[in-house]
Amino acid sequence: MDMELTGEQRLLVEAVEALGSRWQAMPPGHERDYAHYEANLQGALAEGGFLRAGLDMGMLEAALVAIEVSRLPVVTSVGASALVAAVLTGDVPDGPLAIVGGDWRKAQRMLPVATHALALHGERALLLDLAGVAVAPVASVYAYPYGRFAAEPDWSAATDIGDAATLRQWARVAIACEAAGAAESAVAVTVAHVKERFAFGRAIGSYQAVQHRLAQCHQIARAMRFLALHAAWSGEATAADIAATYAQDHVNKLAFDLHQFSGGMGVTCEYQLHFFSYRLRALQGELGGADGAASGVYDRLWGAAA
Amino acid sequence: MEFAWTEEQQAYRTRVKGALDELLPDDWDSHYAPQGYGSADQINFSREFCPKLAERGLLVRHWPAEWGGESADPWEQFILAEEMKWRGEPRGPQYMNVNWLGPVLMKYGTPEQQEEHLGRIRRGEVIWCQGYSEPGAGTDLAALQTRAERKGNGYVVNGQKIWTSYSRLADFCFLLARTGQGRKDISIFLVPMDTPGIEVKPFPGLVSDGHLNEVFFTDVEVPGSARVGEEGKAWDIITYALSFERVGIPRYHVGRKLLDKAIAQLAREGRGDDPVIKARVGRIVAKFEAARLLTYVVVDQRAKGAGPSVDANISRITASEACTDLTNFLIEYVPDCLTTGDPVLREFHRGNIAATIAAGTYELQLNLIARGALDLPRGN
C-alpha cells in the first residue's frame, strides 16, 4: 500500500500538466461558450501517447491522466479514450469518442465531435465508426458538446468489442475520474473567488459559514480522486460502482455550494465555474446516476443475501 | 501509488485474525462485543486479553525496538487496529495506550516516567483515562479550569473533568490542568486514579456504557515528577497526541460488517430487494470506502515519517459522515436495533452518537481544513 505517486507516475502527471497549461484558460473566442471541445488538446494527448497510458503503463496511470486533463476547462474524450477504449478495444483510436447508450433518439454526450462511439447495445458493447453517420448538435448548458443521431445507427456495421457490463464498469470509472478532476477545479475556482470577493467589509471566504462548506467540498473532491484511482487500479466492478456512486451522489452538494459562494458571477459565462460544475451536472445522471451505481454496489455485495 | 497489500502485510493480517480466533472466548460476539469497549466487562477482559496479545508480540509491534516494540511499519498498526475493530475492539481502552499515550511518553516523558509507564502499557496491564474535557471546556480545550497549584516540589489539583471515558476502572489519568494565568498555561500530569481526593461519578446518557463519567479532583496532591514536559507547555504535546487520535480508530472498517447484519435482517423481513434500500446502502458503502482510502493516505504519510497534516482532519470527517449515515440508516430501516434487535447494531449506534463531537468536533476539523488545505482567511 503506497498512497503517493511513484516517480514515474509523478512525471506522467507533470507531463500532462505541462501539455495542458496552454488550456488553463479558455481559448480566445470561446471564453463565453457553454462547452468547448478542444481538438488540439485531444490531438496532443494522442500524439504524446497519453491516451495509451493504460496500455503502456497501467490503468491507474490512465486514471491519473484522465483526472489531470479533466481539471482543464476545455473538454476532450479523455475518460472514454484512455480508460474505456483502452480496456475494451485494446487500442485507443486517436479521435474523440462518445459513450452512447439508452434511447438512440436522446442527446448523447460528445456525439457531435466524436469519430467513434462506444455503444451499450443490449448485453453487448459495440464500437461504431461515426463516419457517414448523421448527427445533429443539441444546444445545452451542460459543459460537454451534445448531439443526437438523425436516424437509428446501423448497429450491424459496428464491431463487437465485448460485454456491456465491462463497458458500463469502465464508463463508471471514466465518470469518476472526469468528475474528480472537474470537482478539484470547481473548488479551486470558488476558493479563489471567495478570497477576493468582499461583503460587509470582509472577504466572504473569511466567514465560517462559507469556510465549512468549502472544506466539505474539498474533502469530497479528494475522496472522489482516491476512489476513482482505486477503481481504475483494481479493475473490479464493485470499486467502479463505488467510485461512481460517491462522485454522482456528491454533485448536488458541490454544485449548490460552489455556485452559492460564487454568487451572481457564478451564473454568468464570464466566470469559469460552469465549465466544471456543468460538466459535473452532465456526469451526474449518466448510467443511472448515483442510484444506479449504488444499486450495483448492493447487488454485488449482497445480491445473494437479498 | 499502489493499493495492494504486500505479502508480509497480508500474512500479518492473517496472523492477527488467527490470534483473535484463538484468544477470544466463545461468548465474545454474543456477550462482550455488544457491550462496547467502554463497558466494565470489556475493560476487565482487556486486562486478560492484552497481556496475551503482548506475549504474542502483537500489542506494540509498531513501537521502536528500544521501547519493547519491533519498529514495525505503521501499516501494521492499522492492520491490527482494523482487525480489532472488526471484532469489537477487545483491547478495550488499551487501544489508546498503544496508539498515542505510549508514543507521547516516548517523546516527552522523563526517563523515570518512561520506566514507570511504558513497561505496563507494553505488557497490556494498565488502563488509562484522559482528563481533558470539562463542563466548560470541550472543543475549546484551552478554556479548562482545573488548576494545579504549586506546593513544595509538587502540585495540588482542584477541579472537575467530564465525559471521562473508562475512568471508573482506570489506573491512571492523563490529566490536563492549568498551571498559570495565560490561556495556554496548561500542564500535563500522570496521576494514579487511587490518589486521595479523586472521585469518579458515572452518569447515564445516550452513548455506550462507560463513557460518561465525572471526575472530581479535590486537593489532590501530585508530585512534580508526574508532570510531562515543561510547566505550562502542554500545547505541543496535546497537538501531538491528538494527531494520533484523530485517525486512531478505523471506524470505516466495521461498516461492511454492520451492513451485513442489517441486510441479513432486512432480507429475512422480505425487504432485501427494496430499490430504495439498495440505493441508500450503496451510498453508505461508498462513504466508508472513501474514509478507508483517505485514512490510508494519513497512514502512508506516517509510515514515511511525515508530520501531522490536514489529511488527518479530512479522513476524520469522511469517517464520521459515513458512520452518521449508517446510524441514520439503521434507525430508519432497522429501527428495532435500539429495542429488541441485534445488540451489535445498537452498540454501533450508541457508540457513534458522539462520533462527530469527540476528539475535536466535526466543525473544528472543518476549520482546520479551511486553513490548512484551502488557505482561507481568518475572520476579524
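The buried residues of helix 11 of chain A are covered by elements that include helix 6 (164-196) and helix 8 (237-249) of chain A, together with helix 8 and helix 9 of chain B. Before I continue, please note that this is a predicted model, in which local features need pLDDT of at least 70, side-chain atom pairs count only at pLDDT 80 or more, and totals for chains, interfaces and linings use all residues. Residues are numbered from 1 along each chain as its sequence is written, and chains are lettered from A and ligands numbered from 1 in the order in which they are written.

Some terms come first. Helices (H or I, at least four residues) and strands (E, at least two) are DSSP runs, numbered from the N terminus. A residue is called buried if 20 or more other C-beta atoms lie within 10 Å of its own, exposed if 12 or fewer, and partly exposed in between, with C-beta atoms placed from the backbone.

Let me stay with helix 11 of chain A. Of its 14 residues, 10 are buried, so this helix is largely enclosed by the rest of the structure. Among them are A:G292, A:S295, A:G296, A:Y298 and A:W302. The 14 residues of helix 11 (residues 289-302) of chain A should span 20 Å at 1.5 Å a residue, and the end C-alpha atoms are 20 Å apart, which agrees; the expected span is 1.5 Å times one less than the number of residues.

I turn to the meeting of the two chains. In total, 40 residues of chain B are in contact with 47 residues of chain A, contact being C-beta atoms, placed from the backbone, within 7 Å. On the chain B side, helix 8 (255-268), helix 9 (275-303), helix 10 (311-333) and helix 12 (362-372) each give two or more residues. Helix 9 of chain B gives the most, with 15 residues. By class, this side of chain B has 26 nonpolar, six polar and eight charged residues. Here Ala, Val, Leu, Ile, Met, Phe, Trp, Tyr, Cys and Pro count as nonpolar, Asp, Glu, Lys and Arg as charged, and the others, Gly among them, as polar.

Helix 9 of chain B is mostly covered, as 22 of its 29 residues are buried. From first C-alpha to last, helix 9 of chain B reaches 42 Å, close to the 42 Å expected. Just after this helix, B:G305 takes a positive phi of about 80 degrees.

How does helix 9 of chain B pack against helix 10 of chain B, and at what angle? The angle is about 155 degrees, with the axes 8 Å apart. The two helices are therefore roughly antiparallel to each other. The residues of their contact divide into 15 nonpolar, four polar and five charged.

For comparison, consider helix 1 (residues 7-20) and helix 4 (residues 59-70) of chain A, which pack at an angle of about 30 degrees with their axes 10 Å apart. That makes helix 1 of chain A roughly parallel to helix 4 of chain A. Axes are lines fitted to C-alpha atoms, for helices over the stretch in contact, and angles run from 0 to 180 degrees between N-to-C directions; those under 35 degrees count as roughly parallel, over 145 as roughly antiparallel, 65 to 115 as roughly perpendicular and the rest as oblique. Residues of helix 1 of chain A including A:L12, A:V13 and A:V16 meet residues of helix 4 of chain A including A:L64 and A:V65.

Finally, A:R52 lies in the loop between helix 2 (39-47) and helix 3 (53-56) of chain A. A:R52 is buried, with 20 other C-beta atoms within 10 Å.

Notes: Two residues are in contact if their C-beta atoms, placed from the backbone, lie within 7 Å.
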